[in-house]
Amino acid sequence: MKELTELALDTAQARGATYADVRVVQRHTQQVAVRNGAVSDLVEVETLGFGVRVVADGAWGFAASSRLERPEVERAAAEAVAIARASATAGGSPVDLGAPEAHVDTYRTPCQIDPFSVPVDDKIGLLLAADAAMRRVSGVRVTEGALVAWRENKTFASTEGAFIEQELIETGGGIVAYAVQGSEIQQRSYPNSFARDQCTGGWETIVEMDLPGNGERLAGEAVALLTAPACPCQVTTLILGATQLALQVHESCGHPTELDRVFGTEAAYAGTSFLTVDKLGTFRYGSPIVNLTADATIPGGLGTFGYDDEGVPAQRVPLVREGIFVGYLSSRETMAQLARLRGEDPARARSGGAMRASGWDRIPLVRMTNVNLEPGEWTFEDLVADTDDGIYMEMNRSWSIDDKRLNFQFGTEVAYEIKGGKMGRLLKNALYSGMTPQFWGGCDAICNADHWRVWGTPNCGKGQPSQIAHTGHGAAPARFRNVQVGVR
Amino acid sequence: MIGEQEIRRIGERVLRASDADETEVVFFGLEERLTRFANNVIHQNVSESDASVVVRAAAGKRVGAATTNDLTDAGLERVTAAALAACRLAAQPEDPDYPGMPEPVAVEPVDAFDASTAAYTPADRARDVGAVCRRAAEAGCNASGAFRTAVHEFAVLNSHGLFAYHPATVADLTTVVMTADSAGYAAGAAWQVGQVDVGALGDEAIAGALRGRNPQALEPGAYPVVLAPYATQDIVDFVTMGASGMMVAEGRSWMPGREGQTVMSPRVSLWDDGRDPQGWPLPFDFEGMPRQRVEIVRQGVVGSAVYDRRWAAKTGKAATGHALPPYNPFSPWLNASRLGPFPMHPAMGPGEHTVEEMIAATERGLYITRFHYTRTVHPREVVVTGLTRDGVFLIEGGEITTPVKNLRFTQSYIEALANVEMVGRDVHRERPNFSVGRAPALKIAAFNFTGVTTF
């Protein structure tokens, strides 16, 4: 492998690159899915390739290929330099990457039971058992279940001397039941929406889910939602369950703290951010109990790794401390740019280690790692008991937020009214909306570490060409005051 | 490009290696180049070369699949063995709805390959994009966007002797041009790069940004709207996605029980046509069946859903050539397990009006450039929430008077299409998803805005 990475770097330098890195990525994914009692998806996915990223004439170029052969490596490296030179003709300041990163290391995500070691027959059996449990409930129309095993081996090398080999293993799974009656269509998912929860870990995480043991309950809830009263439209107190709060963190904290968005380089697609540089260190993002952290080092998080895709070590970066906005998700280039803007020495700027590519064929972008709402002090039972009048919502069903990440509207699969400190009636078609700083400013209680865990979001889209990232979000249930529920 | 002859050799190599009852090979080839710009400079500029085979093997009515981009003999043997092992797993029950693989069928080719698009260089794209950036800078604006040129190769082979091959090119530009308090947008796509007028699209976005400066806040509520084709495209995509034969059969679409009924304005016609040379033709589906034009809505009357062979057999309908692959290496979400049959080539028919006529016919309403981050709130009525983006303008007395800050809407797209009063005569092309969409401007009597944002 080292011979090919050196060939790519040497070719790029010989062609005039002032910086080059190369990533060789091999990924094996196994997807098993069932639908209404039949196997609907049984596919082994294998992809291998390399990408060469260069700076030449002060501008970026990137070329990637699936053919890991010496002539193709030389061709792609030369093409990357030619592309960079074409980029430079449009002008702009020379690329500045700040301080060098020259780590030599290996890393592997912790994993007790390799998910590829479990026989596929056992996986099919598990999903069919969960599917049968769901279909025992009268009124359920469609049942689905899925398991994913993922292994990525990647090698990173750069002209600064970095050489890093990593193995990332992920395991995911979930079930969903759909109930249909007339014009009413309801769904319930477990343990998370969008087909599954996923983490860096092994088969042990699927065993813990107990998918068959949750099938009947889940399907019963989907059917019960058909005849439940609709969630009212009012301003009220809202308690969000952990999975919905994880997505709220993702959309309203994770994305706006991406420093490339702040600097406008995602403007044409995902958008920009309201968390502009002038707000750093002073802007009140939320109430004093709100602490948000980007932590790529948490065992099991879906955004956990050893080094990011420009060779920067995984880190724990504060984003919001006691309600004040204090940090960004960043790359080498964006941190050097931030240093210049703040009158600091860009040569000393260090990345927060959040540059991630979705594969060998994509350049790294500033992405979320594990962006977490730190736990508070409440038990969930005390939180409900302390709430006279409100609504509890959980499990995302729809999500939308503006291109600066301010105005949001989320829908959840399930909701319950809270009256006199007790959970009451089941409610359907629940929605809530708000503006990000006001919403987090109304956060007055967060549940404790016993209720906190990292949830996986395996479907975060960004960039052109599009990239899907795997991110993690630690959250425990929390309470928010004066929230608009329903649509006026 | 790999070419038809070599792709056939690769596919036949897999078929020879398989002793399954039935075997299918779907080939995906891609040479994609994309130049991305922001802050009036090129900041990302990428090239990708990749090719994969997706192998599906069947043992009776048990099916397994595997995919690889290792097209060496060893790689092809490995992927074949993986698919064979998957279809022979003891725990897999027979799938009573598996329809088998199709016999060979004639597919009339459609031209979608343009040599000049395939040969477009980084220098060509930098020249085009650089001109947009310079004009934006001269106007005091900040341009961003992406300009892509790509070559695709698709092929399907199976052990019954079916073979279909289709090469295609595509070019598409999206651009957002901003001032301190406004933004403009333009996008275009075609399979011939010469039909994407990058300069004109850049000028359109610059003009939109300049016109939108100093936006004013507006109270949410129901307003008549004139939608630019970019906004209409979102409606077309959401509504036609409900025409999946699987979603209809399962009662999870807006269509069940409405076939033959008038539920939209008679001005509205929606269809899916994979052979339309004005779109991005792909004349066969991922089982190798010829794509047929399907009238989803004809003059407001609900027509038919689209079907692959599986869902056609299950529901007693005719297959229309809309199968997705078991796995799509370039758009993993676009797969048969998740979506069933799928309308990849949606279009809305033109009317007879100009946008200027629609604005002149609006006493008080809003002109909307595009929608952002739209998601389904309720599937039966296609209730969608999202925001406006890159240019909203108040129309008063038949004229655009004031730029407006962005609004959130929560609106049934079915109801919106029922309230269409005028349809644009020009049909615009852009590339929202895997294909090239076609949509006109619309004038709609009422659109429900439910919130506001600060910019």
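Two strands count as paired if DSSP finds at least two bridges between them. In this predicted model, strand β11 (residues 316–321) of chain A meets that condition with β12(A), since 2 bridges join the two strands, which run antiparallel.

## A sheet in chain A

Strands of a sheet pair through backbone hydrogen bonds, either parallel or antiparallel.

## Chain B as a whole

Chain B contains 11 helices and 17 strands. Its C-alpha trace spans about 70 × 55 × 35 Å along the principal axes. A compact globule of 455 residues would have a radius of gyration near 23 Å, and the value for chain B, 23 Å, agrees with this. Of the 455 residues, 60% count as buried. Among contacts in chain B with a separation of 6 or more, 73% are between residues 24 or more positions apart.

The chain is divided into domain 1 (4–195) and domain 2 (215–455). The C-alpha centres of these two domains of chain B lie 24 Å apart. Where they meet, 39 residues of domain 1 of chain B are in contact with 33 residues of domain 2 of chain B. Several strands give two or more residues to the domain 1 side, including β1 (22–38), β2 (41–59) and β6 (183–190) of chain B. The largest share, 7 residues, comes from β6(B).

## Where the two chains meet

The contact between the chains takes 74 residues from chain B and 64 residues from chain A. On the chain B side, β2(B) gives the most, with 11 residues. That side divides into 30 nonpolar, 31 polar and 13 charged residues. Strand pairing also crosses from one chain to the other: strand β2 (residues 38–56) of chain A and β3(B) pair in the parallel sense over 4 bridges. Here the bridge partner of A:Glu44 in β3(B) is B:Ala66.

## Backbone details in loops

|---|---|---|
| A:Tyr190 and A:Pro191 | about 0° | between β7 (184–190) and β8 (197–200) of chain A |
| A:Gln464 and A:Pro465 | about -5° | between β21 (453–462) and β22 (467–475) of chain A |

Two residues other than glycine have a positive phi: A:Asp210, near 50°, and B:Asn40, near 65°. A:Asp210 lies in the loop between α4 (204–209) and α5 (211–226) of chain A. Because A:Asp210 has 13 C-beta neighbours inside 10 Å, this residue counts as partly exposed. B:Asn40 is placed in the loop between β1 and β2 of chain B. With 23 other C-beta atoms within 10 Å, B:Asn40 is buried, as a residue needs 20 or more to be counted in that way.

Technical notes: Residues are numbered from 1 along each chain as its sequence is written. Chains are lettered from A and ligands numbered from 1 in the order in which they are written. This is a predicted model: local features need pLDDT of at least 70, side-chain atom pairs count only at pLDDT 80 or more; totals for chains, interfaces and linings use all residues. The radius of gyration is taken over C-alpha atoms; the globule rule is 2.2 Å times the number of residues to the power 0.38. A residue is buried if 20 or more other C-beta atoms lie within 10 Å of its own, exposed if 12 or fewer, and partly exposed in between; C-beta atoms are placed from the backbone. Two residues are in contact if their C-beta atoms, placed from the backbone, lie within 7 Å. Domain bounds come from an automatic or database domain assignment. Ala, Val, Leu, Ile, Met, Phe, Trp, Tyr, Cys and Pro count as nonpolar, Asp, Glu, Lys and Arg as charged, and the others, Gly among them, as polar.
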